[in-house]
Amino acid sequence: MNPTLADKIARAPKAELHIHIEGSLEPELIFALAERNGVKLAYDSIDALRAAYAFTDLQSFLDIYYAGASVLLHEADFYDMTMAYVERALADHVTHAEIFFDPQTHTERGVAIETVVAGIERALAEGEKRGLTSKLILCFLRHLSEEDALATYESALPLFDQYAHRLIGVGLDSSERGHPPSKFERVFAKARARGLKLVAHAGEEGPPAYVYEALDVLKVDRVDHGVRSIEDAALVARLADARIALTVCPLSNIKLRVFDDMTRHTLKDLLDQGVAVMINSDDPAYFGGYVNANYFAIVDALKLSDKEVYTLLKNSLEASFVTDDERAEMVARLDAYWKQ
Ligand code: ADE
Ligand code: ZN
């Protein structure tokens, strides 16, 4: 890629809207926390763990991702993990982040949801002081039952009050195939009635029908991944018309073999058809890069123009769950930067 464009991207103010905080846990920190907490890992070195990051599909990744998260026990662990992400985000000129967390991964090991949120919040509050605004989105694990999701939702109700400035929505992640969005209709209806923002992973490995369900049954505000929408022309037109953003994660899509290689990625087709796509890192510690690395990889492979990159950046800001004033201010900052 043209080094001037790479540098311009690197320093551009941007929002990241699809980052699983547990997916930012680097192998070094996994080992440090395992030692601190006396947790036994199935790998005897950092290199051995890293060597296992050779995924064949979403499930092969999730198995290792949940094993990595097993070292998180105390408030300080969630703080350390989140602070490490805050540093990486600031280094990539992320000015606003909307961060997913998976409470069930921790509560099923006996860690209280209050501990999880308190540690994440302490780091995000520090991030705010350093120029990174953020929101938090509670994700339900779709391989578990809706009853489990409902119980998690009920247990989080006091937290939606206590952390109303931060904890603004719910999402849906984990194993997509065989677990359609409609499985979670009731819990999303409750979250919607409460005025929470709604997102769901759909059309990552699953078919366009899952994207329709996310829109029509869950009534989501944004779709996470959604790249398989390209297989259905009517769906693409609908996403474009309704300005439903897709939070696309290029390196993730290659590592999990959604596409054979980056030149086959469908982001540019979606962009050309007017869909509000934007760029994210998903699980940066596992997929080989934080948000800027994702921009570099996709811009390089698809030979995106200066104008197309600007659109991706602007889409990231416009799709953020912030007030209209905050959004206008973020876009004005990008415009001033991009023109100079
Ligand atoms: N959890 C963490 N990363 C995920 C992904 N890419 N898809 C589904 N669930 C996830
Ligand atoms: Zn994801």
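## Basis of the model

The model is predicted, with local features requiring pLDDT of at least 70 and side-chain atom pairs counted only at pLDDT 80 or more, whereas totals for chains, interfaces and linings use all residues. Residues are numbered from 1 along each chain as its sequence is written, chains are lettered from A and ligands numbered from 1 in the order in which they are written, and side-chain values use heavy atoms, with hydrogens and water left out.

## The ligand site

The shell around ligand 1 (residues with a heavy atom within 4 Å of it) consists of His20, Leu58, Phe61, Leu62, Tyr65, Asp173, Ser174, His201, Glu204, His225, Asp282 and Asp283. These residues divide into 4 nonpolar, 4 polar and 4 charged; here Ala, Val, Leu, Ile, Met, Phe, Trp, Tyr, Cys and Pro count as nonpolar, Asp, Glu, Lys and Arg as charged, and the others, Gly among them, as polar. Helix H4 (residues 58-69) supplies the largest share of the shell, 4 residues. Helices are DSSP runs of H or I with at least four residues, strands are runs of E with at least two, and both are numbered from the N terminus.

Polar contacts are pairs of N or O atoms within 3.5 Å; within protein, one atom must be able to donate a hydrogen and the other to accept it, and residues adjacent in sequence count only if both atoms are side-chain atoms. Nitrogen atoms of ligand 1 lie 2.7 Å from a side-chain N or O atom of Asp282, 2.8 Å from a polar side-chain atom of Glu204 and 2.8 Å from a backbone N or O atom of Ser174. Taken alone, ligand 1 exposes 260 Å², of which the protein buries 100% (Shrake-Rupley method, 1.4 Å probe).

## Buried residues

His225, one of the residues around ligand 1, belongs to strand S6 (residues 222-225). Its phi is near 75°, a positive value in a residue other than glycine. His225 is buried because its relative accessible area is 0%, buried meaning under 20%, exposed over 50% and partly exposed in between (1.4 Å probe, protein chains only).

Ser24 lies in the loop between strand S1 (14-20) and helix H2 (27-37) and, at 3% relative accessibility, is likewise buried. A polar side-chain atom of Ser24 is 2.7 Å from the backbone oxygen of Ile21.

## Residues with greater accessibility

Arg257 occupies the loop between helix H12 (250-255) and helix H13 (267-272). Its phi is near 60°, positive in a residue other than glycine, and its 55% relative accessibility makes Arg257 exposed.

Asp300, in helix H15 (residues 291-302), is partly exposed at 39% relative accessibility. The C-alpha atoms of Asp300 and Asn2 are 8.7 Å apart, although 298 residues separate the two along the chain.
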